[in-house]
Amino acid sequence: MFTLEMAWRIILAPMMGNDIRMGLENSYAALPERFFQSIRPTPVAAPALVKLNESLAEELGLDTDWLQSPDGVAVLAGNRVPDDARPLAMAYAGHQFGHWAGRLGDGRAILLGERIDQNGVRRDIQLKGAGPTIFSRGGDGRASIGPVVREYLASEAMAALGIPTTRALAVATSGEEVYRQRPEPGGILVRVAESHVRVGTFQYLAATNDFDGIQALIDYLVDRHYPQAAEHDNPVLALLEQIVVRTARLVADWMLVGFIHGVMNTDNTSLVGETLDFGPFGFIDEFHPDTVYSSIDRHGRYAWSQQPGIAAWNLARLGEALLPAAGGQAATESVNATLAGFRSEFESVFHQGLHSKLGFQEVRDEDVELAFDLLGRMQRGSADLTLTFRGLSELPGQASDQDQAIASLFDPPELIQPWLVRWRQRLAAEHSDDASRQSRMQAVNPAFILRNHLAQAAVDEAIERCNFSKMEELLEVISRPFEQLPDHPELYIPPRPEERVLETFCGT
Ligand code: AMP
Ligand code: MG
């Protein structure tokens, strides 16, 4: 029977648009209201899809054809909000460059909701550049297409290297301009994360002695990410311990590929051990432990070699925020002991990583010293980190003509010779066979890293010409970093002097 309600639906349908459902859940929206602002993305003038990450979409169980349809693009750009979304901007605070910055929060990012992926993992879907929120602090809530492309490339590069990271599902242009130093095309990044909860989320609650809030966030984290902690006598300590372990492993992973995060503020430190917020990051070309790329990091606080200390410092801020819930003053010693676990976990993963990068299977006392000797020679000889390790992965166990290729990376070339002799003695001592050692080494020493000048060229092309061909070209090699693909040999080598990018601006 035709009812009045059906008639209304037919009349209202063109006005209201069709129902859009993306299988979203909204567990964060169920937390106390003070954890976030409920807010919808601000629509943009003319959304256009630049790039859809089809394999990630499939991992999330999303329909790739639909995502590219006008409705799908409208959702990705924030012009339509799915009917099962409860969009929100998360509240958090943080220490920036060591100074308390108070409340920060999502000033230009809006969480649409969560989707359970094909592996049963709950993943956040967030639009970055989706318009102002109460946390915008005078900012426009938007992003330029340049940093959006940079983050897309960087997060996919990290994921392909096997390093925990937020991911990028899509890039869209908004058809609007944003004003940075100059007008630039606006962009939106659709970011996927296991979680967007940060050290700064706890700091936000701790700053107002919101103990109920802290407990609610602990329960949320344990339930969603760390269920094993619930079994422990002191679940808060168990939670902290797990976060310490994941963070230590993450920083070790970064350092083994020469990654410098650039802004390891507490608001950019994930509580699930993912690389979060790619601003002025960089991958080292010529190895030097003090390398910094960020133009705002004048004192080298976030240099390559500083990252473990800084991560431990950030975790200490987390420990302070969790102390009351962990048992108050009486728990100080246990919290400190848990935080102290950072160093041993970091060293064990970093040393094990160096060991594998050098192709060893047995563990011997001298190995760490041998690895650091190599790093020291790379530093003195201005050798490229990636090419050196990749070059070693291709060398035979006996001195050969190929040694010249690796020696030529060092200035002077003889700098590496005595080290090569020691390395080969060490390989001989464990009766290493060349073919299997080389393939093991090539599986951990990437041929490709997202060098700054490459990312910059793709960003410039996007900003200046709204052209994304360099981005596409990079994505082909980014997805297979442990192979040297025959096309584009220029993508595997360090920048020429005139191509070097010495500083990276947040340029957000
Ligand atoms: P980030 O440096 O990207 O980690 O951001 C630090 C803080 O500044 C966060 O609270 C961001 O939400 C905020 N923020 C950055 N860019 C903008 C913008 N264009 N509009 C509003 N808030 C922003
Ligand atoms: Mg941030």
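Predicted model: local features only at pLDDT ≥ 70, side-chain atom pairs only at ≥ 80, totals over all residues.
Local features need pLDDT of at least 70 and side-chain atom pairs count only at pLDDT 80 or more, while totals for chains, interfaces and linings use all residues. Residues are numbered from 1 along each chain as its sequence is written, chains are lettered from A and ligands numbered from 1 in the order in which they are written, and side-chain values use heavy atoms, with hydrogens and water left out.

Across the whole structure, 16 aromatic pairs are found; rings of Phe, Tyr and Trp (its six-membered ring) pair if their centres lie within 6.5 Å, and planes under 30 degrees apart count as stacked, over 60 as edge-to-face and the rest as tilted. One of them joins Tyr 28 and Tyr 220 edge-to-face, at 5.4 Å centre to centre and 85° between the planes. Tyr 28 lies in the loop between helix 1 (4-16) and strand 1 (36-38), and Tyr 220 in helix 7 (residues 211-224), so this pair ties together parts that are 192 residues apart in sequence. Helices (H or I, at least four residues) and strands (E, at least two) are DSSP runs, numbered from the N terminus. Tyr 28 is buried at 2% relative accessibility, and Tyr 220 is buried at 9%; buried means under 20% relative accessible area, exposed over 50%, and partly exposed in between (1.4 Å probe, protein chains only).

The pair of Phe 278 and Phe 281 is also edge-to-face, because the ring centres are 5.7 Å apart and the planes stand at 85°. Phe 278 is buried at 6%, as is Phe 281 at 0%. Elsewhere, ring pairs link Phe 287, Trp 304, Phe 342, Phe 346, Phe 350 and Phe 372 into a cluster.

Arg 437, in helix 15 (residues 434-442), is buried with a relative accessible area of 0%. Its side chain makes a polar contact of 3.2 Å with that of Asp 434; such a contact is a pair of N or O atoms within 3.5 Å, and within protein one must be able to donate a hydrogen and the other to accept it, residues adjacent in sequence counting only if both atoms are side-chain atoms.

At ligand 1, a backbone N or O atom of Gly 107 lies 2.6 Å from a ligand oxygen atom. Polar side-chain atoms also approach oxygen atoms of ligand 1, from Arg 108 at 2.6 Å and from Asn 268 at 3.1 Å.
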